[in-house]
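Here are some exercises to work through with the structure open beside you. Try each task before you read its solution.

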Amino acid sequence: MENFLQQLVNGLTLGSIYGLIAIGYTMVFGIIGMVNFAHGDVFMLSAFIALIIFLALTQLLGLASMPVAFLIVLVAAMAFTALWNWAIERVAYRPLRGSFRLAPLISAIGMSIFLSNFVQVVQGPRNKPVPPMFTDLIHLTDGPLGVTMSYKQILIMAVTAALLLGFWFVVQKTALGRAQRACEQDRKMASLLGVDVDRTISLTFVIGAALAAVAGTLYMLYYGVVNFTDGFTPGVKAFTAAVLGGIGSLPGAVIGGLLIGLIETFWSAYFSSDYKDVAAFSVLAVTLIFMPSGLLGRPEVEKV
Amino acid sequence: MAAPLDQKRPDLSRALVDAGFAALVTFGLSFPILALRTEQDMQNRLIVEPRWSWSVIAVMVVFCARLLAGLLSDWRARALAIPGALIAVFGAHMGVTQALTHGAGITALGLALLIGAFALDARLRDAPAPVAAPRAERADRSRLISMAGLAALFLFPFVMLAWLGPQGSLKWINNYGVQILIYVMLGWGLNIVVGLAGLLDLGYVAFYAVGAYTYALLSTTFGLSFWICLPLAGVLAAFWGVILGFPVLRLRGDYLAIVTLAFGEIIRVVLINWTDFSNGYAGISSIPRVTFFGVPFTAADDGFAAMLGLEFTPIHRTIFLYFLILCLALLTNVVTLRLRALPIGRAWEALREDEIACRSLGVNTVNTKLTAFALGAMFGGFAGAFFAVRQNFVSPESFTFIESATILAIVVLGGMGSQIGVALAAVAMIGGTEILRELDFLKQIFGESFDPAQYRMLIFGLAMVVMMIWKPRGLISSRTPSIFLKKRTAVAGSLVREGRG
Amino acid sequence: MSRWLTDPLLTVEGLTMRFGGLTAVSDFHFSVGRGDITALIGPNGAGKTTVFNCITGFYKPTQGRLALARTGVANPVEVEALTRSGRRFATMQSGDLFLLERMADHEIAQRAHVARTFQNIRLFAGMTVLENLIVAQHNALMRASGLTLFGLFNTPGYRRAERAAMARAVGWLERINLVERADDPAGALPYGDQRRLEIARAMCIDPALLCLDEPAAGLNPRESAELTTLLRSIRDDDGVSVLLIEHDMSVVMQVSDHVVVLDYGRKIADGAPQAVREDPKVIAAYLGVDDEAEVIAAESEIAAIAGDSP
Ligand SMILES: Nc1ncnc2c1ncn2[C@@H]1O[C@H](COP(=O)(O)OP(=O)(O)OP(=O)(O)O)[C@@H](O)[C@H]1O
Ligand SMILES: [Mg+2]
């Protein structure tokens, strides 16, 4: 029972990170119907940016307060990653808009290869250990096997929840969100009605990257080490989460992320951590076979 | 590349503003990741050091490139001018900092390119748009070209051998010839699935792995020969194609993509972790080498060289491997071309064009997709068996997502459905990355610490983006009809659909 | 005289189709007479295309039975027996009998030989005109190619079948005046030609029933006239029964033997063209009158007009 609770806490932590990345996939897919393969590597890049800024703050500027540092790191990582994703969209995807369906996909795969190798070249191929932060534990239940929750985990879940709420507000209540949903429904019509489609799509990439940067910062914090190859697997998992939740659906992405996180953690705990990826992917395949549009996706009826 | 009218006359102030903005963005992009470098110190502590020079270089390069792009209206002129400017700057840099005598020469070369580009641009700006050559003539020519190409492919190893000798030609036949042909074959195999049937498969490498491990395991445990394992590898891969395809081919396109991707990853994870079966990360080594239908390529008395009375050299095996993969690739091509002209092949293409219309005409779409999937997988399996016999070693490392992505990129860049296009794309992408291995001379320019190999994948990724933007529909986007009444005229690429599957 | 009563090719009973809360078609009964051109008309959104989709298997009806007696006069006892047997189709004493609601879309085309066109043209745009017609003969060619095996070796049997398919395609191209454009991509044809090509393509599957969804939409008067000739020739020369959705009343009145009117998913009239044209309920539906009193008013008005000009 206690193990179960412990794994639940761990799974939700991991799932929060997947969920944040998954939103980027699902939003971009919703608005331009493209699988943004580079998104996982944007996430990895954001973890590096967060790490570098953290080190610069503490070492070069001598900042001592951890919470302040964390806040600055989070905001800066969001800003710089957003700029990167904006530039990527501008350079690699926008020229391909409205063309062949697979061209942007290949472009995105190329971008993904470029980003991971770029980080390798400029920051080196070795693992980057992060100085430990927020390591205190809270004991939820007593005893030697008691359930614990680290401040890190609380931070991760709290930040995720807060940002998701903010994000939800943006999408539901602001003009930007309306424009976004309009473009999702019918891009041509939206542009005829005066929605600046290019700007809306750019902003979608910016928001997706900002959320990925939150995930990247939290990932760095949680695992304490980053590497230039860290984009692929979390990226694929997050994409899986987006599909599982029903691609195009924002709550679906979060729920899918949490589910994948839980599946992975529980599988590792009770069976074998070797096959945790197999478990996550198998659940995806089985779900899709029985629920072809994911958990919360709109079923797509093909009007004949 | 038709530029809108108002862009025809470049405008210096606008180009400057544009370039300034791009430079500013580049500075923002470069700030944390380029300008600050993380490094582990003696105590394994991570420390950060400023490295502004890289950031400054990046900003300058982008500024120049953007400025030139703004000033030149024709893309050919841009393609000439931007490298020209870079070469000129590097030449000047070398001349000044390293006091190298050829610095001035390089600068002059760069400047010449730059001036040439402006001259070209001025000429092209006023030139009328070129008229496309008549189609029919082209069809005849392409037939001639493929015959000549085929002859060249068969002669290639002998020409190389005669020219460079057994030692010197090895690299060309093996690293370029065999390596490229493997990808040509994989590209042609995947082309059936993606190019003809319009199904997006992101896990093609899984079938390649199935084929490779089939030969590796059957030959090392049961001592089966390559020639028995080759068909088995194809059959097993096709079997897996059906097993995977059956449940997922009903899914909508994007879901098919993720499930195939997941399948590719599952196979890799299983190969890594199921050590009793596959020996995990360590892989399977000492896989029996290829024989000339039973005659080994060894220096022994019963070896190939002795049998023909030749002097023994390892190049014999390489040449045999070259012809083996050439024949396998050609088999793939011939079968695909033949299938295209049969009802099944036409049904694949019709499926790519409009699945609903297909169903209304009585085409069983699930079976049709399944055959495409299984056939594609089968050729992947053949290629995998060949890979294992060529390397004598397989490990999960060779079957990562990057491989699937590369093969898919070859198909898309080739122009979906075009056999020649796919072959050209394989030459460009694989040949290109092989050439990047040979850039050691750059060390003389940038100093010993510069390792060009590091930049190989970086350039590879960038090239994928650039090529897609340059030719979104691939090198050869037009489609050749499979049957005709009077005259075979190619269908323009803009009419051909890419499929939703 | 009314073939749809004496010798129905297709009998639809109690067809209901719901999409979530929306009932697009409810409890719809009608039949298509063998050798007739039957028109299915009704205002926009009445559910006509939905009926087509149910007949051709693209939608699974929520309820209802769609029985197609391909070769002989349908026998209600046999239809009942087949329904109870749980099978999808069978050869009965009276001939081949199909229960379309149980069959998959491609099976309906392949076995029951029901062909269709689409409201939004669905040609294989990147394939040539000729290829479009050859793909339509997929099943026949597939059989001749021994599921590709004989085809791979180009056996004489397969070559013969391919020549036959080619001859049939060319025959249709001549009938729709497109021989000259046989090697052009279908997507490059003008709209009217695309419409005709889609009909020819459907005819290439050798249908017993041809379902056309608004074939005259977007045609100019000359093309409309050509279309009516083509439809008559399909009925008279090929002996194929046609089910036609059409908004262009002149086409409907010229060619159809039987008209069924749908409004809000319900049948409001069914009979010979003349009778239906004068049905006040139909006029009311087209004019958008829905009050019962107004219908009666409209009815008397029409009666008055009819009295004036006999
Ligand atoms: N797949 C579907 N999902 C939900 N609603 C549908 C679907 N297909 C049709 N409908 C609805 O069913 C109703 C009938 O549509 P249908 O297309 O059959 O009309 P129609 O008579 O063909 O009209 P038109 O003359 O405009 O073509 C409409 O309200 C339509 O929105
Ligand atoms: Mg309709």
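**Exercise 1. Find which residues H316(B) touches, leaving out those up to four places away in sequence.**

Step 1. Begin with the location: H316(B) is part of helix α11 of chain B. Helices here are DSSP runs of H or I with at least four residues, strands are runs of E with at least two, and both are numbered from the N terminus.

Step 2. List the neighbours. H316(B) touches F297(B), F304(B), A305(B), L310(B) and E311(B), where contact means heavy atoms within 4.5 Å.

Step 3. Check the accessibility. H316(B) has 15% relative accessibility and therefore counts as buried; buried means under 20% relative accessible area, exposed over 50% and partly exposed in between, with a 1.4 Å probe and protein chains only.

A word on the ground rules: this is a predicted model, in which local features need pLDDT of at least 70 and side-chain atom pairs count only at pLDDT 80 or more, while totals for chains, interfaces and linings use all residues. Residues are numbered from 1 along each chain as its sequence is written, chains are lettered from A and ligands numbered from 1 in the order in which they are written, and side-chain values use heavy atoms, with hydrogens and water left out.

**Exercise 2. Work out how α11(B) and α14(B) are oriented, and which residues meet.**

Step 1. Take the axes, which are lines fitted to C-alpha atoms (for helices over the stretch in contact), with angles from 0 to 180 degrees between N-to-C directions. Those of α11 (residues 315-340) and α14 (residues 365-391) of chain B come within 11 Å and cross at roughly 175°.

Step 2. Classify the angle. α11(B) is therefore roughly antiparallel to α14(B); the scheme is under 35 degrees for roughly parallel, over 145 for roughly antiparallel, 65 to 115 for roughly perpendicular and oblique for the rest.

Step 3. Name the residues. From α11(B) come L321(B), L324(B), I325(B), L328(B), T332(B), V335(B) and L339(B), and they meet L375(B), F379(B), F386(B), V389(B) and R390(B) of α14(B).

Step 4. Sort them: the contact has 10 nonpolar residues, one polar and one charged. Here Ala, Val, Leu, Ile, Met, Phe, Trp, Tyr, Cys and Pro count as nonpolar, Asp, Glu, Lys and Arg as charged, and the others, Gly among them, as polar.

**Exercise 3. Trace the open sheet of five strands in chain C and say which strands stand at the edges.**

Step 1. The order is β2-β1-β4-β6-β5 (chain C), and the pairing is antiparallel. Two strands pair if DSSP finds at least two bridges between them.

Step 2. β2 (22-33) and β5 (89-92) of chain C are the edge strands; each has a single partner, so one side of each lacks a neighbour in the sheet.

Step 3. From one strand to the next, the twist averages 15°.

Step 4. Look at one pair. β5(C) and β6 (residues 95-99) of chain C run antiparallel and are joined by four bridges, with M92(C) opposite G95(C).

**Exercise 4. Is β3(C) mostly covered or mostly uncovered, and which strands does it pair with?**

Step 1. β3 (residues 37-41) of chain C is mostly covered, as five of its five residues are buried.
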